[in-house]
Amino acid sequence: QRNNRMTKRLYFEDTSKVEATASVLACEPFSDPSRADDADSSDTSGSTLFQVTLDQTIFHPQGGGQPSDQGFISCESTGTKLVVTQLLATKTDPVIYHVGYFEPSHSQFAAGDEVALIVDQEKRAMHARLHSAGHLLDAAMTRIGRTNLQPSKGYHFTDGLAHVEYIGKIPPEEHGAVIAQLNACCKEMIAEASDVTVVIDSSQNEILPMRTVTIADSSCPCGGTHVKNTKDIKVLNVTRIKKAKKKVKVYYDVLDMAPEQQP
């Protein structure tokens, strides 16, 4: 039985926040909805997985082209810790489910426990850089005059395949020139060091408030984590463009220094 109370998303207002406190609303064995049976799920090590709901969280669930945060939730009074391996949320459910395994394995939280939340800071920072870089790429595409391309979706994972998909075409013979133009434009916008702004509108009576993120010249609804300033992206390097039916995928990396400066 999943809890229907809304989880307050603390990362909506401050995506650099990686520590917080919360109250446990429920703690239950996790039943994987993708499985046909009703058995409890285990992770690859055989540990029993639990799902924990909280009144508020700093953990970002997978969605919007961004992977889940990782980290742990601990209760000082009982010495119990949940190692968070995934987070589940949908657009129609205001609750975030923190899924993971307990240490010690025989322990678990109780409703009402006060807990400390700690997100893996290194992973969060990279997710934010990749996600913001995808938005910056949208702004760069407009600046270089490719206004015929409509952003469709983004993939902001750390597996080397980060990209933004656009509806429209870039002729193959123009791919090299467009890559060079995008890289020059992104370098310029990062150097401008403009703040990333977030506006939250709770007046629409939606399940979740409307959250608009503006990066350089690009504004769009977004629930993801982002850097505070374009300079925090450091280097955005467009690597290739690939045709996909009536769309194009523009692949990119985020780097600490320009490719020509790499040792």
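Biologist: Why is K247 called partly exposed?

Modeller: Its relative accessible area is 29%. Buried means under 20%, exposed over 50%, and partly exposed in between (1.4 Å probe, protein chains only). So K247 counts as partly exposed. This is a predicted model: local features need pLDDT of at least 70, side-chain atom pairs count only at pLDDT 80 or more, and totals for chains, interfaces and linings use all residues. Residues are numbered from 1 along each chain as its sequence is written, and side-chain values use heavy atoms, with hydrogens and water left out.

Biologist: What makes K247 and E165 a salt bridge?

Modeller: The N to O distance is 3.2 Å. The rule asks for a side-chain nitrogen of Lys or Arg within 4 Å of a carboxyl oxygen of Asp or Glu. Therefore the pair qualifies. By this rule the count is 11 salt bridges.

Biologist: Why is E165 called buried?

Modeller: E165 has 6% relative accessibility, so it counts as buried.

Biologist: What makes R143 and E192 a salt bridge?

Modeller: Their closest N and O atoms are 3.0 Å apart. R143 sits in helix α1 (residues 121-143) and E192 in helix α2 (residues 175-192), 49 residues apart. Helices are DSSP runs of H or I, at least four residues, and strands are runs of E, at least two, numbered from the N terminus.
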